Amino acid sequence: MVVKEYVTYNQVHKLCQEAAPRILEQFNPQLMIAIGGGGYVPARILRSFLKRPGSHNIPIQAIGLSLYEELPSQYPSGRNTPGEPEQPGTKVTRTQWLDLTSLGEMENLVGKRILIVDEVDDTRTTLEYAVKELEKDVEIARQKLGGKGEKTVFSVFVLHNKNKEKKGQLPEDMLNENRYLAARTTGDVWICYPWEAVDIDEHDKLAEKQPAN
Ligand code: 5GP
């Protein structure tokens, strides 16, 4: 049986708040790229804590990647039940990406410190895809600019990293240079995030009943 762990909005908020000083100190991002849908809320919360007095908010760009689109066979109606573990797909599909035709948008990424934000690092397939593809696209943009400009430095923030064997890999330099941060490391459980809940009061009650961690 899959063990579920319920996480509340309050906890998500505090995980972002707690991580922010380290993110500022270690990565000092100029831009965030949120992987949708799970990365959107954490990125937005994080932005409030990364804002320095007198400076602008850090812009957030969104990409959509999907690995868990296939619906579990026990829901033949084609409808998923909120909070139920989803069947992992094997292929990452892009549901939304940066506008590669807009040189302005791509130019914006060249030479920047960029923080990629997602909610959970499970098999790492999605993160591997995101980092590889973004690195590739940014290099193409840099070349279009005549090969000028500093290298773009990517870092990653997730709320939860599951301590398990990973299928995907992150670049070695990212790991060696500590450009990967997980607010919490969990076992191989299914984490129920508040934005997936249909009944948020019930969700919060279930979270409250759990042993504190
Ligand atoms: P990965 O590519 O690391 O296997 O999975 C990434 C995506 O799978 C996440 O962004 C998320 O959408 C989904 N996912 C994996 N594990 C969980 C989990 O425990 N809870 C929820 N809600 N989604 C998960």
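Modeller: Buried here means under 20% relative accessible area, exposed means over 50%, and partly exposed is in between (1.4 Å probe, protein chains only). By that cut-off, 45% of the 213 residues of the protein count as buried. The model is predicted: local features need pLDDT of at least 70, side-chain atom pairs count only at pLDDT 80 or more, and totals for chains, interfaces and linings use all residues. Residues are numbered from 1 along each chain as its sequence is written, and side-chain values use heavy atoms, with hydrogens and water left out.

Colleague: How many helices and strands are there in the protein?
Modeller: Six helices and eight strands. They are DSSP runs numbered from the N terminus: helices are H or I with at least four residues, strands are E with at least two. Along the sequence the pattern reads β-α-β-α-β-β-α-β-α-β-α-β-β-α.

Colleague: At what angle do H1 and H2 pack?
Modeller: About 50°, with the axes 9 Å apart, for H1 (residues 9–26) and H2 (residues 40–50). Axes are lines fitted to C-alpha atoms, for helices over the stretch in contact, and angles run from 0 to 180 degrees between N-to-C directions. So H1 is oblique to H2. Under 35 degrees would be roughly parallel, over 145 roughly antiparallel, 65 to 115 roughly perpendicular, and the rest is oblique.

Colleague: Which residues of H1 and H2 meet?
Modeller: On the H1 side, Val12, His13, Cys16, Gln17, Ala20, Ile23 and Leu24; on the H2 side, Pro42, Ile45, Leu46, Phe49 and Leu50. Contact means heavy atoms within 4.5 Å.

Colleague: And which residues of H2 are buried?
Modeller: Pro42, Ala43, Ile45, Leu46 and Leu50. They sit on the same side of H2, because they cover an arc of only 165° around the axis. That arc is taken from the directions from the helix axis to the C-beta atoms. Their cover includes H1, S2 (31–36), S3 (60–66), S5 (113–121) and S6 (153–162).

Colleague: New topic. Where is the cis peptide bond?
Modeller: Between Gly36 and Gly37, with omega about 0°. Gly37 is in the loop between S2 and H2.

Colleague: What about Arg124: is it buried or exposed?
Modeller: Arg124 is buried, at 13% relative accessible area. Its phi is near 75°, a positive value in a residue other than glycine. Arg124 is in the loop between S5 and H4 (125–144).

Colleague: Last one. What is Ser66 in contact with?
Modeller: Lys91, Val92, Thr93 and Thr95, leaving aside neighbours within four places in sequence. Ser66 lies in S3 and is buried, at 9% relative accessible area.
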